[in-house]
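Dear colleague,

I am passing on the structure below, and after it I set out what was found. Please read the notes with the structure open beside them.

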Amino acid sequence: ERAARIAEWKGPAQTKDGYRVQLLANVQDGNSAQQAAQTEAEGIGLFRTELCFLSSTEEPSVDEQAAVYSKVLEAFPESKVVVRSLDAGSDKPVPFASMADEMNPALGVRGLRIARGQVELLTRQLDAIAKASEELGRGDDAPTWVMAPMVATAYEAKWFADMCRERGLIAGAMIEVPAASLMADKIMPHLDFVSIGTNDLTQYTMAADRMSPELAYLTDPWQPAVLRLIKHTCDEGARFNTPVGVCGEAAADPLLATVLTGLGVNSLSAASTALAAVGAKLSEVTLETCKKAAEAALDAEGATEARDAVRAVIDAAV
Ligand code: PEP
Ligand code: MG
């Protein structure tokens with residue numbers, strides 16, 4: 001019965017009482033973007049550009065990069081597409097951009113931090129994104145949003161946003177370092193949007209390597225500590241009128257999607273194959289139930305308790 005409901009689900013996503021949540025796709029190249037376009041995805045919420053260049057020993061030229069980005073933008077010619085600037089380093093080493101031999105690569109020079117020492121790497125990438133976007137005639141109706149990974153300070157957010165705006169791009173940041181969530185009131189005024197990366201936010205909040213199977217009980221986005229940082233980010237987003245999305249694996253978990261909706265997240269981005277299950281779940285619950293689910297999760301002692309408490313809230317309501 002559940003499988004049938006998922007197969008039959010049609011977007012756009014909304015709760016039973018009509019509260020809209022944008023469902024977007026995580027993609028890594030033109031092919032995955034084309035696949036996403038066949039689903040109910042309303043756009044792309046995370047284009048992981050670094051995955052295009054995992055075997056590139058030399059930096060592709062602006063034109064070469066623009067051609068790669070065009071393939072993704074073309075899949076959603078009339079919709080929002082969020083392109084993430086290179087998140088090289090740590091678990092995603094890009095030969096032409098990554099630092100060699102760091103003691104703690106997850107805490108090292110990765111993501112936007114690489115651009116501090118090699119700003120042209122970032123400006124050329126932004127030039128390529130702007131070029132692809134302009135050539136396809138994307139404008140106010142189909143905006144190209146760009147966000148930086150691993151932002152930790154308001155200064156970094158402003159620095160990145162200025163470079164985006166010089167090129168007519170909409171500027172955002174990932175909230176995946178706990179400091180960025182805690183400083184949301186200083187970061188958001190510089191930006192047009194933020195997107196919470198629950199994979200890294202969980203890793204850094206729990207001080208637990210996301211690659212370690214032994215630590216899976218800690219690297220669980222149901223950890224109330226992580227949910228409290230998400231709540232804080234959403235509350236500040238509402239205060240500053242800054243859209244807040246989630247683009248980590250948490251967005252693919254239908255039950256957790258009810259919690260994220262209750263916390264005030266405006267968009268959820270996940271693998272396109274996961275979206276129908278999320279949309280179907282949201283259609284079964286009211287916003288009020290999502291808020292109750294969020295309260296129960298925030299108040300739980302741990303991840304397991306949060307899951308159980310939310311399941312009980314949802315089961316009682318549907
Ligand atoms: C995240 O950290 O949650 C995220 C979406 O980015 P990535 O998984 O690529 O680090
Ligand atoms: Mg990340």
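Does Pro 243 count as buried, exposed or partly exposed? Pro 243 counts as partly exposed, because it has 16 C-beta neighbours inside 10 Å, where 20 or more other C-beta atoms within 10 Å make a residue buried, 12 or fewer make it exposed, and anything in between makes it partly exposed, with C-beta atoms placed from the backbone.

Before going further, please note that this is a predicted model, in which local features need pLDDT of at least 70 and side-chain atom pairs count only at pLDDT 80 or more, while totals for chains, interfaces and linings use all residues. Residues are numbered from 1 along each chain as its sequence is written, and chains are lettered from A and ligands numbered from 1 in the order in which they are written.

Pro 243 lies in the loop that runs between helix H10 (224-240) and strand S7 (244-246); helices (H or I, at least four residues) and strands (E, at least two) are DSSP runs numbered from the N terminus. Leaving aside residues up to four places away in sequence, Pro 243 touches Phe 193, Gly 237 and Asn 266, a contact being two C-beta atoms, placed from the backbone, within 7 Å.

Helix H5 (residues 119-135) has 17 residues and reaches 24 Å from its first C-alpha to its last, close to the 24 Å expected at 1.5 Å a residue, the expected span being 1.5 Å times one less than the number of residues. Its buried residues include Leu 122, Leu 126 and Ile 129, and the buried residues of H5 pack against elements including helix H3 (62-75), strand S4 (144-148) and helix H6 (154-165). Just after H5, Gly 137 takes a positive phi of about 70°.

H3 and H5 pack at an angle of about 50°, with their axes 8 Å apart; axes are lines fitted to C-alpha atoms, for helices over the stretch in contact, and angles run from 0 to 180 degrees between N-to-C directions. That angle makes H3 oblique to H5, given that angles under 35 degrees count as roughly parallel, over 145 as roughly antiparallel, 65 to 115 as roughly perpendicular and the rest as oblique.

Helix H11 (residues 254-263) and helix H13 (residues 287-298) pack at about 100°, with their axes 7 Å apart, which makes H11 roughly perpendicular to H13. Among the residues that meet there are Thr 258 and Val 259 in H11, and Cys 290 and Ala 297 in H13.
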